[in-house]
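These are my notes from a first look through a structure that was new to me. I wrote the entries in the order in which I looked things up.

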Protein chains: 4
Amino acid sequence: MTRPLRVAMIGYGFMGSAHSVGWRQAPRMFDLPAGVEMAVIVGRNVGAVAEAADTWGWAESATDWREVIARDDIDIVDVVTPGDSHAEIAIAALEAGKHVLCEKPLANSVAEAEAMADAAARAAERGQVAMVGFTYRRVPAVTHLRDMIAQGAIGRVQQVRAAYRQDWLVDPEGPLTWRLTKETAGSGALGDIGAHIVDMTQFVTGQNVEAVSGTIETIVKRRPLLGERVGLLGTATEEYGDVTVDDAALFTGRLSDGALVSFEATRFATGRKNALTLEVSGDKGALRFDLEDLNALQYYDRTAPADRQGFTKILVTDADHPYVSAWWPAGHMLGYEHGFSHQVVDLVTGIATGTAPHPTFAEGLNVQRVLDAVERSSANDSAWTRATAPVPAS
Amino acid sequence: MTRPLRVAMIGYGFMGSAHSVGWRQAPRMFDLPAGVEMAVIVGRNVGAVAEAADTWGWAESATDWREVIARDDIDIVDVVTPGDSHAEIAIAALEAGKHVLCEKPLANSVAEAEAMADAAARAAERGQVAMVGFTYRRVPAVTHLRDMIAQGAIGRVQQVRAAYRQDWLVDPEGPLTWRLTKETAGSGALGDIGAHIVDMTQFVTGQNVEAVSGTIETIVKRRPLLGERVGLLGTATEEYGDVTVDDAALFTGRLSDGALVSFEATRFATGRKNALTLEVSGDKGALRFDLEDLNALQYYDRTAPADRQGFTKILVTDADHPYVSAWWPAGHMLGYEHGFSHQVVDLVTGIATGTAPHPTFAEGLNVQRVLDAVERSSANDSAWTRATAPVPAS
Amino acid sequence: MTRPLRVAMIGYGFMGSAHSVGWRQAPRMFDLPAGVEMAVIVGRNVGAVAEAADTWGWAESATDWREVIARDDIDIVDVVTPGDSHAEIAIAALEAGKHVLCEKPLANSVAEAEAMADAAARAAERGQVAMVGFTYRRVPAVTHLRDMIAQGAIGRVQQVRAAYRQDWLVDPEGPLTWRLTKETAGSGALGDIGAHIVDMTQFVTGQNVEAVSGTIETIVKRRPLLGERVGLLGTATEEYGDVTVDDAALFTGRLSDGALVSFEATRFATGRKNALTLEVSGDKGALRFDLEDLNALQYYDRTAPADRQGFTKILVTDADHPYVSAWWPAGHMLGYEHGFSHQVVDLVTGIATGTAPHPTFAEGLNVQRVLDAVERSSANDSAWTRATAPVPAS
Amino acid sequence: MTRPLRVAMIGYGFMGSAHSVGWRQAPRMFDLPAGVEMAVIVGRNVGAVAEAADTWGWAESATDWREVIARDDIDIVDVVTPGDSHAEIAIAALEAGKHVLCEKPLANSVAEAEAMADAAARAAERGQVAMVGFTYRRVPAVTHLRDMIAQGAIGRVQQVRAAYRQDWLVDPEGPLTWRLTKETAGSGALGDIGAHIVDMTQFVTGQNVEAVSGTIETIVKRRPLLGERVGLLGTATEEYGDVTVDDAALFTGRLSDGALVSFEATRFATGRKNALTLEVSGDKGALRFDLEDLNALQYYDRTAPADRQGFTKILVTDADHPYVSAWWPAGHMLGYEHGFSHQVVDLVTGIATGTAPHPTFAEGLNVQRVLDAVERSSANDSAWTRATAPVPAS
């Protein structure tokens with residue numbers, strides 16, 4: 001390729017920092033099929049976005065995303081705004097002929113996600129790529145887990161457990177931040193972290209969650225109003241208000257091939273900071289993953305000699321594991337942000353080779369449909385509810 | 001006490017062996033308030049029961065349990081038969097004026113369990129004791145976990161996770177043993193191992209599971225008929241038959257004080273041999289237990305200095321931990337069967353002191369009602385279903 | 001066999017309790033080739049030994065061990081006295097024609113151990129059995145580890161690490177008990193727990209430690225004199241005295257085939273209660289064991305596919321693992337005292353079949369020679385020192 | 001500061017890549033007191049170094065390091081060449097008035113290291129900074145461990161264990177690469193990974209290793225000559241040659257305050273990829289670290305209530321842990337290369353504030369003296385040997 005791909009990133013919160021690391025590191029650590037330039041970062045506050053550009057190394061800053069996506073010199077639009085603006089920006093960018101990377105969750109509603117998937121399908125016909133930012137797929141251990149299932153390492157999937165446990169809401173006197181109000185946050189634990197475990201389950205099994213029965217719950221229903229914000233939390237005042245999003249979601253899903261999955265997404269698992277855990281049980285073996293031990297994979301092989309069976313802790317840091325050879329020697333650990341570099345690698349490779357990298361917008365839509373079905377089930381006394389019309393994974 | 005308590009054990013399967021260890025070891029390792037004699041073991045097959053008496057150290061054997069419970073020289077009747085005969089034997093023994101220890105689950109139906117709890121209540125007025133054999137309560141780490149919650153170590157319980165995972169049915173070509181047929185087994189994973197996690201949850205929180213929403217599932221619906229039995233499994237023939245009990249049960253429960261509990265009981269968790277795990281999240285901390293690491297407890301203290309918080313692995317083997325001082329020095333591990341000795345200790349102490357040891361038949365009935373509600377919920381599209389009229393814990 | 005083997009146990013401390021469990025449980029849980037009777041327990045204090053007989057289930061008690069070993073109705077003498085009387089009693093018992101089980105360490109000096117090994121060799125010609133009580137060899141995971149090495153699972157042994165870490169002396173103000181004085185205790189960490197790791201290393205590798213270089217250390221050199229004894233420790237007075245045994249021993253050994261072993265025995269590993277750990281590195285794999293997780297074994301197989309290698313945690317609780325089939329189903333844990341039952345099983349089997357069970361007195365002598373060489377090396381500026389004339393392992 | 005600090009990096013192997021990440025990331029993730037520019041990278045091969053400049057983002061490349069350190073526009077010289085050229089380059093750079101960061105080990109001999117420490121001392125008087133690249137000090141968990149010891153969390157240090165275990169030489173038929181020959185590699189496991197554990201022990205305890213007794217060993221003494229190089233290893237030919245560096249070093253050290261340390265550095269710990277482990281036992285508690293689980297720290301507090309003591313696994317990922325607030329929210333893991341960013345942070349802060357960041361060249365020299373004493377002890381039958389004249393830590 002003669003000209004490097006030029007990227008515009010819309011948004012600059014925590015995810016903006018993580019995406020910036022990906023854009024900065026991937027071209028230096030991997031042998032990419034195309035160059036990459038961090039061209040423009042876009043935000044509403046002119047001073048803040050200029051500072052972000054300077055800090056993170058974007059060549060320019062801008063305040064009007066519509067102007068930026070109209071520019072001819074931009075190839076990729078990376079959307080890291082809050083979920084309520086994903087649809088508008090991503091669709092506009094696709095219609096402007098850009099490749100799009102959109103942070104998860106794809107949207108705040110199924111209707112929006114459907115419109116985005118439609119736009120992506122039309123854009124694909126023009127050779128454009130649209131990808132959702134479920135970066136945990138690209139933790140090397142998760143990719144390896146998926147590959148091992150595909151290779152038959154555990155046989156037929158018979159049961160799955162997926163949980164995402166955090167604890168930052170455990171204190172019932174913690175204040176009512178914007179994340180705890182429906183209007184501002186869109187959703188609670190279900191949409192934020194539940195989305196990850198639904199996506200990961202579908203990714204590693206290659207199956208869709210077709211129906212669910214579940215309960216979403218607001219564990220602490222009233223909290224003191226927020227005084228001053230500090231990090232994710234803040235100080236409390238003496239007045240109280242209603243929490244209007246869920247704190248936890250417990251649901252059971254059924255996969256295309258019939259296996260049951262137990263899901264838990266919670267912000268009330270005291271002591272669990274970022275515990276995304278997955279366990280896939282097959283008739284020939286099992287695989288387990290824990291994001292708090294993200295360089296490792298646990299593998300049980302039922303075909304091994306009976307007196308030597310057990311869970312093998314595979315350290316996924318060898319050169320023959322996915323993505324690892326670009327980094328360090330065996331036993332040298334990777335961390336949270338490496339997935340953002342791997343995402344850039346696969347996106348750029350997809351663009352350069354003309355093949356759509358996963359997860360597509362259709363896959364993002366499938367996740368949205370499952371989350372929506374959970375909400376409907378919960379509102380309907382936990383009755384089993386179909387995730388309408390899942391779209392083939394691509 | 002002048003005369004030792006004389007015990008008759010009805011039944012002699014695997015549980016007979018485990019109970020025998022309890023009766024044999026407890027008086028030698030603990031300073032009991034009353035002597036104990038292993039007087040009679042009762043079984044239908046005259047030769048087999050005589051051999052069991054000889055092997056396990058019972059003074060006599062007999063084949064007619066009605067005759068045995070009519071004897072004046074018997075003080076305690078220990079019921080370790082299959083669940084379908086618990087009600088008849090235990091009620092008869094109580095009416096004959098005996099103290100009764102009945103293996104879990106209390107019965108195969110709520111109706112039977114109600115009759116047993118009624119009989120126990122009447123017997124209690126006459127000074128008799130009736131106890132259910134949920135021995136996992138008496139793993140020192142579990143007792144300590146319960147005590148710590150009662151002491152306020154984790155504050156208010158906000159969420160609970162309880163699972164019991166085994167894998168002995170993972171092979172879809174494993175044969176159709178008697179355990180997989182409703183008529184012979186009564187129930188599957190729900191009644192067998194689900195009972196343990198419902199009881200343990202109620203025990204450690206001091207609350208009842210008041211309602212449930214759940215799904216019970218037969219993962220492998222047809223299996224080859226059994227040729228020759230080998231251990232829990234056996235050889236397969238070429239004909240197939242229907243599995244009529246559940247392989248797995250996934251359900252959500254709500255405790256008296258409102259907290260949600262996620263439950264999983266399964267025989268399809270490949271690689272998990274006997275993985276009963278419990279995690280109780282409170283607003284001040286959390287406690288975790290894993291039966292495959294049964295000498296330990298994990299404790300998270302949210303009131304510790306922020307930069308020193310984490311899960312503490314407490315080795316529950318010190319002299320100041322429950323039951324431990326009678327055994328070995330710190331760091332010397334206990335195993336599965338020690339709970340059966342502790343059960344004898346508490347039963348004999350209860351009889352000698354005239355105080356009812358837990359779990360009472362009323363508590364056993366409460367478990368049965370929860371299991372029954374799970375079955376009804378599952379049959380009713382997983383709708384939330386109340387466990388009717390829980391009985392106060394003692 | 002027509003008549004059961006009748007046992008006399010000399011001594012009744014903590015080890016007396018543990019050995020009693022072995023004698024009590026083994027015949028009831030295992031199908032032994034000969035019956036066993038707990039005939040006599042011997043101690044100096046007439047009241048205390050009578051109480052011990054009653055508590056632990058010995059038919060008689062006695063105060064004169066010489067009279068007891070002279071009796072015709074005694075077949076096995078089990079020596080659980082302090083180490084300074086092992087030689088006298090064991091040799092007398094062997095000369096009286098008895099089979100002998102002697103608790104570890106075999107003796108307090110190489111000279112005594114040599115005399116005992118000689119007596120055992122002469123007795124062996126008369127068909128008698130002499131065995132040393134290194135029960136950790138009979139933790140199923142340790143036996144399995146040894147078997148796997150013998151089967152070639154890890155190839156050629158290239159390096160070994162063995163440590164035994166406790167922490168009961170960590171407090172520098174803990175009192176000067178009899179265990180901390182040379183005259184009363186004989187030795188410190190080296191002789192007490194160092195003996196275990198030397199024996200286990202020789203057992204699992206099938207090789208002798210032929211030379212050592214090491215340092216033994218008294219970390220806290222003066223302690224308050226003991227007021228009142230409480231468990232292993234006690235209350236302190238205001239006067240101080242000298243600690244005259246070692247608190248820790250750090251040494252390197254060389255095995256017969258040339259591999260180096262690092263040894264650590266310490267009572268100052270804060271937080272480690274009973275942490276005997278072993279790691280054997282071979283050119284085809286590795287095996288690890290930790291007594292604080294005694295039902296498990298860690299196995300690394302270098303011949304597995306590169307991207308699936310890792311340490312496999314084998315739960316050594318399956319029916320096809322050593323000793324396990326006599327106990328409980330897979331996943332049901334064993335504890336500390338089970339090794340004492342397994343010791344009885346192997347001793348009785350050895351007597352019944354006329355084959356010497358390991359560890360022989362010659363093996364116990366080998367351990368003693370290694371410990372002696374460590375003391376001599378430490379006194380000689382840690383110079384490499386040969387363990388004189390190791391005796392073939394059997 | 002008006003002008004950013006301009007960096008020249010000499011060398012471009014694996015360490016060049018890791019250092020480049022540090023220079024690239026630190027200014028973007030941390031709020032540094034001075035700007036940083038990646039000005040020049042220097043290597044002998046003109047094409048290769050130009051490619052490295054392009055890949056890693058250095059503005060220029062050059063082939064003559066003497067010319068580069070003579071330039072006025074260079075402020076910092078970062079030395080990542082093999083150890084045999086450290087002294088020459090670092091001293092020249094210091095004499096040219098530059099701040100110097102020198103990769104570990106400081107030098108290949110004590111004499112060189114002494115000359116470097118002298119040069120650094122003279123340069124310090126002129127306001128220059130000289131720092132050694134022991135980056136493992138800056139894993140947040142290691143820094144936190146050091147801080148906790150300094151805060152008295154474990155009381156007086158009574159014993160230490162430090163090991164660095166790798167396994168890339170386990171195969172006795174692996175080829176004789178340049179790393180296994182004294183002339184090319186300088187040293188084996190002792191100098192390469194032993195250096196890390198000596199430094200880390202001195203760092204966290206704040207004490208020097210004053211004397212040692214040890215053994216260094218070449219486990220596989222002859223290996224096939226190298227055919228083609230592949231990664232750390234390569235293909236074997238049919239001829240054999242002598243391995244002339246050590247494969248493993250086992251030594252005991254004594255700290256300034258008297259505590260013993262056991263050290264192990266080995267490339268033969270089958271299955272251990274990069275297992276640097278440290279355990280510090282004090283009279284009030286203990287702390288443990290494992291580089292294969294680098295986001296965690298294990299802390300035992302002997303002053304906690306007796307029935308709640310245990311090792312607490314502190315996830316060192318909270319904003320109040322060292323370095324962490326610049327990265328991600330709690331529970332989001334860091335990896336191997338983050339230490340290189342933290343090194344840049346502390347170096348730049350040291351330069352900007354005029355305070356010498358640790359480890360100084362004097363500290364690097366102390367490590368060298370300990371390694372040298374180990375070699376001399378090993379050559380002298382493991383006799384205790386003093387590390388001559390340790391230099392105060394700063």
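This is a predicted model: local features need pLDDT of at least 70, side-chain atom pairs count only at pLDDT 80 or more; totals for chains, interfaces and linings use all residues.

**Entry 1: a sheet in chain A**

Six of them form an open sheet, and I read the order as 3-2-1-4-5-6, with parallel pairing. At the edges I found strand 3 (60–62) and strand 6 (130–133) of chain A, each pairing on one side only. From one strand to the next, the twist averages 20 degrees.

Strand 2 (residues 36–42) of chain A runs parallel to strand 3 of chain A, and three bridges join them. For A:Ile41 I noted A:Ser61 as the bridge partner in strand 3 of chain A.

**Entry 2: chain A as a whole**

How many helices and strands are there in chain A? I counted 10 helices and 17 strands. The C-alpha trace of chain A spans about 60 × 55 × 40 Å along its principal axes.

Next I checked the radius of gyration. For 394 residues, a compact globule would come out near 21 Å; chain A has 21 Å, so the two agree. Of the 394 residues in chain A, 63% are buried. I also looked at contacts with a separation of 6 or more in chain A: 70% of these come from residues 24 or more positions apart.

**Entry 3: where chain A touches chain B**

I listed the residues in the contact and got 32 from chain A and 32 from chain B. On the side of chain A that touches chain B, the elements giving two or more residues are strand 7 (157–165), strand 8 (209–217), strand 11 (248–255), strand 12 (260–266), strand 13 (275–282) and strand 14 (285–290) of chain A. Strand 12 of chain A gives the largest share of this side, four residues. Sorted by class, the side of chain A that touches chain B has 13 nonpolar, 13 polar and six charged residues.

**Entry 4: chains C and D**

How can chain C be laid on chain D? I found that a turn of 180 degrees with a shift of 0.0 Å along the axis does it, with an RMSD of 0.0 Å. This is the relation of a two-fold axis. The contact residues of chain C recur in chain D at 100%, so the same surface serves both copies. I also asked which residue of chain C comes closest to the rotation axis: C:Ala383, at 2.8 Å (C-alpha).

**Entry 5: strand 11 of chain D**

Is strand 11 (residues 248–255) of chain D largely enclosed or exposed? Eight of its eight residues are buried, so strand 11 of chain D is largely enclosed by the rest of the structure. I went through the two faces. On one side D:Ala248, D:Leu250, D:Thr252 and D:Arg254 are buried, and on the other D:Ala249, D:Phe251, D:Gly253 and D:Leu255 are buried, so both faces are covered. In a regular strand the side chains alternate between the two faces of the sheet.

I then looked up the pairing. Strand 8 (residues 209–217) of chain D pairs with strand 11 of chain D in the antiparallel sense over eight bridges. Strand 12 (residues 260–266) of chain D also pairs with strand 11 of chain D in the antiparallel sense, over seven bridges. Strands 11 and 12 of chain D form a hairpin with four residues between them. In the turn, D:Gly258 has a positive phi of about 110 degrees.

**Entry 6: backbone exceptions**

Most residues other than glycine have a negative phi, and most peptide bonds are trans. I looked for exceptions.

- The peptide bond from B:His358 to B:Pro359 is cis, with omega near -10 degrees. I placed B:Pro359 in the loop between helix 9 (338–353) and helix 10 (361–379) of chain B.
- From C:Lys104 to C:Pro105 the peptide bond is cis, with omega near -10 degrees. C:Pro105 lies in the loop between strand 5 (99–103) and helix 5 (110–125) of chain C.
- A:Ser382 is not a glycine, yet has a positive phi of about 65 degrees. I found A:Ser382 in the loop between helix 10 (361–379) and strand 17 (385–386) of chain A.
- C:Asp381 is not a glycine either, and has a positive phi of about 60 degrees. Its place is in the loop between helix 10 (361–379) and strand 17 (385–386) of chain C.

A:Ser382 has 28 other C-beta atoms within 10 Å and is buried, whereas C:Asp381 has 16 and is partly exposed.

Methods:
Residues are numbered from 1 along each chain as its sequence is written. Chains are lettered from A and ligands numbered from 1 in the order in which they are written. Two residues are in contact if their C-beta atoms, placed from the backbone, lie within 7 Å. Ala, Val, Leu, Ile, Met, Phe, Trp, Tyr, Cys and Pro count as nonpolar, Asp, Glu, Lys and Arg as charged, and the others, Gly among them, as polar. Two strands pair if DSSP finds at least two bridges between them. Axes are lines fitted to C-alpha atoms, for helices over the stretch in contact, and angles run from 0 to 180 degrees between N-to-C directions. Copies are superposed by least squares on the C-alpha atoms of residues with pLDDT of at least 70 in both. The radius of gyration is taken over C-alpha atoms; the globule rule is 2.2 Å times the number of residues to the power 0.38. A residue is buried if 20 or more other C-beta atoms lie within 10 Å of its own, exposed if 12 or fewer, and partly exposed in between; C-beta atoms are placed from the backbone.
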